[in-house]
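Trainee: Could we go through this structure together? I would like to start with the sheets and then move on to the helices.

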Amino acid sequence: MATAFADQLRALPDEALGALIQLRPDLVVPVPADVSALAVRAQSRGSVARCLDALDEFTLAVLDAARLSRAEETAFTSVAAILALTADAAPEPDVRAAIDRLRARFLLHGPEEQMQVVGAVDEVTSPYPAGLGRPADYLDPQAAALCADKAKLRRTVLAAPAGARAVLDRLAAGPPVGALSAGGQVAEPVRWLIDNHVLVPVSEVGRAPRADGELVELPREIGMLLRREAGPLGELRATPPAPDGPIRDPKAVDSAGAGQAMEAVRGVETLLEALAAEPAAVLKTGGLGVRDLKRLSRAVGVDEPSTALLLEVAHTASLLGETEITGQAEVFLPTGAYDLWRALSIAQRWGTLANAWLIMTRQPSLVGQRDERDRPINALAPDAERSGAPQARREVLAVLASLPPGAAPRPDDVLALLAWQAPRRARGREQAHRDALTGAALLGLTGLGALTSYGRLLQAGPDDEDPLGIDHVTGPSEAVRALDALVPAPVDHVLVQADLSVVVPGPPEPELAAELEAVAELESAGGASVHRVTAASVRRALDIGYAAADLHALFQRRSRTPIPQALTYLIDDAARKHGGLRAGSAGSYLRSDDEALVTEVMSDRRLGSLSLRRLAPTVLVSPLQLARLLGALRDAGYAPVAEDAAGSAVLSRPKVRRAPTRTPVNARLADQAGPPVLAGPRLAGVVEQIRRGDLATRAARRAPVTVRAANGQSVPGLTSVQAHTQAMAVLQQAVREKARVWVGYVDSHGATLSRLVRPVSLSAGYLRAEDERTETLHTFALHRVTAAVLEE
């Protein structure tokens, strides 16, 4: 079968082979050596499972119909047999389209009258196609006899008690296997069904039947009889479920999404500024503490799950990192990339966050829940890693992008669409999909429940028309440019009011934002923000280096309204009081009631490295720490004593030194990106490489018998091999006549190979020849050549 399967692939034209690779890109990761290797990979369990994961509910149902309609003797099915099973459940054109999809992916192969199902399908899917059990003649002879008599089977089913009929209806809906009660006791309805051979005891799912089994199975014929109204395959949905949601105005959707995008950028900036002012400690188990999360949530003004999401996105975008501060444990602080990020436009900052959200292998909705050990999962902790999170986000965005512009489906409708489009993949990932919807709304990819225009561009990603990057232009992406056209243009001016409030009529430029952060307090944020100048903000500006004249010039340059007199008086009054008192820090101090002793220490040249400074006749200070001050004084012959804040002498003993405790490093899960999407020149190159490899393999098999014998292969009837001198003569003749020749040789690894080449030169102990199929020039050492035969 493997050879026949490979021959079918080999007979495909390049366009059809390229279409198969596009539908199943994992087949060329890495690129197979030839078509035979491609065929083996296409029939493997892993590749078939990945292919099935991408199929919709209706196509999988048609595949079940193909499995059910296989003949027992030949295991062949046909299009007519599949159409017969689905005649009353789905339109024929839809069924034929599903069959074409299966054949294009080579899950079904062969002519329409004798199609085969790839063997790995039965291995990676349920042993009960369409929820139907195994045939009765396989399970039990008595059940087979009952099913053979159609009239008796109908009478038996109609005579079943109410409880037994309920059990039958439940098993007929699938799966067809049920467990008996514990302790060997069987309920009366189930006992009636077993005694009448309607149910058959079995051991395990998919295993051979046993009379003392712990499970019962409904035979296939009885299940199909109970499904006579819905059809053998049950209810089939050829089209995806239509979401029941309102249709929003696309312009309103974009406006709402742009506003939320600005809020997300502001929220991340507020978070990182709060962490810069008060770093949060990294827990021993990794992550951010609950108290710090609550503090940051209050600073941003959003709930804790949203704060956790913004933290995770900022960390993935390398705007937030861990570092050690002298004398403290490891803490979370903004990185150097944060300063560069703040200098970008709002749309570019949003693009950084959105792309980080798309690729991050984190699921923020797990923050606050408990793990399998009943321990809480903290923000930025390793327990929130989920390698499938990026795929779940792209699936959600793809579903939203498939709807008309402005469509705002409910979350349950989105989950229903995902369950229809890829039921195998969506099973068990409902929470990840809901988390993706929440993150898209928080970051502004969706507005009013619908996908924005720039969200569609972000979901589509870059095209593959320029694989070599010749026409690649560095700059903002299309999604960033689309958002940039929606957000207000940055402003470089403010409006100073009489009550000392400063109104910024739009997003401030980075330089203006830095100036406002220094001289005013933020009162409200949004499209137009409001700041207020206070005595504390003016004092803060003076502390960082502004003079009164600088502040006056700043407001004169930035304000489009006259400067109120109250602001001028406030700045002048604060500048006049600023610096009246001086405060500083000292590493240690030295005092004594003996003023002469203090003078002696001050004038001692041996203590010049202490940088002592006299504050009072009996008080000296030094920038060095107390331990170094005491050691230097004692080395100089003095006898100082340390004291505490109350002036009492401190008695100390040497501390026992210990090695620092190392925090276990938890490696981040790598983003398991799927196989690349191939198109255009890349796809054509892969197909050409497979074809060339296949030609080379087949050509090696067609090498003349003398070449294969010289390479050590067994050839019946051959008693001797071509001598080395004869091989040299053949090569010389091929060089003169420019003819192609079969060359047998031993490579550097000791393997015996043969190749069809056209010799170019024969000199200095080497043969140089061209392989016309691969368009490459090969060099053979003559002492490794075992045979040479001209092509016939």
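Mentor: What follows is a walk through several strands, helices and cysteines of this predicted model.

Trainee: What is the strand order in the open sheet of 5 strands?

Mentor: The order is β21-β20-β19-β18-β22, and the pairing is antiparallel. Neighbouring strands in this sheet are turned by 45° against each other on average, direction ignored.

Trainee: Which strands stand at the edges there?

Mentor: The edges are β21 (776–781) and β22. Each has a single partner strand, so one side of each has no neighbour in the sheet.

Trainee: What holds paired strands together in general?

Mentor: Strands of a sheet pair through backbone hydrogen bonds, in a parallel or an antiparallel way.

Trainee: Let us look at β18. Is it mostly covered or uncovered?

Mentor: Strand β18, residues 741–746, is mostly covered, with 5 of its 6 residues buried.

Trainee: How many bridges does β18 form with β19, and how many with β22?

Mentor: With β19 (residues 752–763), β18 pairs in the antiparallel sense over 6 bridges. With β22 (residues 785–790), β18 also pairs in the antiparallel sense, over 5 bridges.

Trainee: Which residues face each other in those pairs?

Mentor: Val 743 has Arg 755 in β19 as its bridge partner. Trp 742 stands opposite Val 789 in β22.

Trainee: And what about the turn between β18 and β19?

Mentor: The hairpin has 5 residues between the strands, and Gly 750 there takes a positive phi near 85°.

Trainee: How does β19 join β20?

Mentor: They run antiparallel and are joined by 5 bridges, β20 being residues 766–771. In this pair, Leu 762 stands opposite Leu 767 in β20.

Trainee: Now the open sheet of 3 strands. What is its order?

Mentor: The order is β6-β8-β7, with antiparallel pairing. The edge strands are β6 (280–281) and β7 (320–324), each of which pairs on one side only.

Trainee: How many bridges join β7 to β8?

Mentor: There are 5 bridges between β7 and β8 (residues 330–334), and the two strands run antiparallel. Thr 323 stands opposite Val 331 in β8.

Trainee: Which helix lies across those strands?

Mentor: Helix α15, residues 250–277, lies across β6, β7 and β8, and runs at about 135° to β8.

Trainee: Changing topic, which residues of β15 are covered and which are uncovered?

Mentor: In β15 (residues 588–591), Ser 588 and Leu 590 make up the covered face, while Tyr 589 and Arg 591 make up the uncovered one. This strand is joined by 4 bridges to β17 (residues 619–622), and the two run antiparallel. Ser 588 has Ser 622 in β17 as its bridge partner.

Trainee: On to the helices. At what angle do α10 and α11 pack?

Mentor: Helix α10 (residues 141–148) packs against α11 (residues 150–158) at an angle of about 100°, with their axes 5 Å apart. Angles of 65 to 115 degrees count as roughly perpendicular, so α10 is roughly perpendicular to α11.

Trainee: Which residues meet there?

Mentor: From α10, Leu 146, Cys 147 and Ala 148 meet Lys 150, Lys 152, Leu 153 and Thr 156 in α11. The residues of this contact divide into 4 nonpolar, 1 polar and 2 charged.

Trainee: Why does Cys 147 count as buried?

Mentor: Its relative accessibility is 4%, and buried means under 20%. Cys 51 also counts as buried, because its relative accessibility is 5%.

Trainee: How many disulfides are found in the whole structure?

Mentor: A search of the whole structure finds 0 disulfides.

Terms used: Residues are numbered from 1 along each chain as its sequence is written. This is a predicted model: local features need pLDDT of at least 70, side-chain atom pairs count only at pLDDT 80 or more; totals for chains, interfaces and linings use all residues. Side-chain values use heavy atoms; hydrogens and water are left out. Buried means under 20% relative accessible area, exposed over 50%, partly exposed in between (1.4 Å probe, protein chains only). Two strands pair if DSSP finds at least two bridges between them. A disulfide is a pair of cysteine sulfur atoms within 2.5 Å. Axes are lines fitted to C-alpha atoms, for helices over the stretch in contact, and angles run from 0 to 180 degrees between N-to-C directions. Angles under 35 degrees count as roughly parallel, over 145 as roughly antiparallel, 65 to 115 as roughly perpendicular and the rest as oblique. Contact means heavy atoms within 4.5 Å. Ala, Val, Leu, Ile, Met, Phe, Trp, Tyr, Cys and Pro count as nonpolar, Asp, Glu, Lys and Arg as charged, and the others, Gly among them, as polar.
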